[in-house]
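Let's take a walk through a protein together. Please have a look at the picture below, and then we will go from the whole chain to a single piece of it.

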Amino acid sequence: MRKVTTYIKRSVWVCAVLLLLMLSNVGYAQQSTGNYLKKFKPVSVELMQETGIPASVILGVAMLESGTGTSRNAKLLNNHFGIVGKNNLAQTAPGKKSRYKQYASAVASYEHFVEVLARKKWFSQLKGNPEFAVWLKHMNHSGYSSAGHEWIRRVTAIINRYKLYKLDEGMDSDSLARSSSWLSVGMPPTTDDQ
């Protein structure tokens, strides 16, 4: 009887420790997501004002593709969107290879993402439209992700869970009109261009 009691006590103790570890991981993930949102919400809103692409789309796709900044690509390459391209990972991290593009900073990754979208045929039709579902549908049809409708479902879930659609309420048509020259060349205007 004594062995059974000791076994039960140990089992309860082990379960309690495991539960605490799981809860601490959940807390860390929530903190990590909170930090990511705090850092990249302003970037997404600024890019929305410059390009007419909803901030919810920019931030939702980045959160999914980068695991809120925890993915290997985000950490090693500053690539928050899974965009394929050149990198120097072999020189900076010997033995590691990747087919994904490397960026000087995470913000450079965000800027390139909106530039890629701005080059799509359908972009001029959607510019300034705050309906994220329409954007995701067009991105899916143009082959942005190989996951298809599952990709749309996952990005939509992120947008809804974190209420990112509220960021799109700040889309300002006046600033979009002023930013039309930005999209004609694919880069933000310099002081010489203004």
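We can begin with how much of the chain is hidden: of its 194 residues, 37% are buried. Keep in mind that this is a predicted model.

Now trace the chain from start to end. You will count 10 helices and zero strands, so the pattern along the sequence reads α-α-α-α-α-α-α-α-α-α.

Let's zoom in on one helix, α8, which covers residues 149-161.

Which residues of α8 are buried? They are Trp 151, Ile 152, Val 155, Ile 158 and Ile 159. Looking down the axis of α8, you would find these buried residues within an arc of 130 degrees, which means they line one face of the helix. The spacing makes sense, because an α-helix has 3.6 residues a turn and residues three or four places apart therefore point the same way.

What does the buried side of α8 pack against? Its partners are α2 (55-66) and α7 (132-141). On the other side of α8, His 149 and Arg 161 are exposed. Finally, α8 is followed by Lys 163, which has a positive phi, near 50 degrees.

Technical notes: Residues are numbered from 1 along each chain as its sequence is written. This is a predicted model: local features need pLDDT of at least 70, side-chain atom pairs count only at pLDDT 80 or more; totals for chains, interfaces and linings use all residues. Side-chain values use heavy atoms; hydrogens and water are left out. Helices (H or I, at least four residues) and strands (E, at least two) are DSSP runs, numbered from the N terminus. Buried means under 20% relative accessible area, exposed over 50%, partly exposed in between (1.4 Å probe, protein chains only). The expected span of a helix is 1.5 Å times one less than its number of residues. The arc is that of the directions from the helix axis to the C-beta atoms. Contact means heavy atoms within 4.5 Å.
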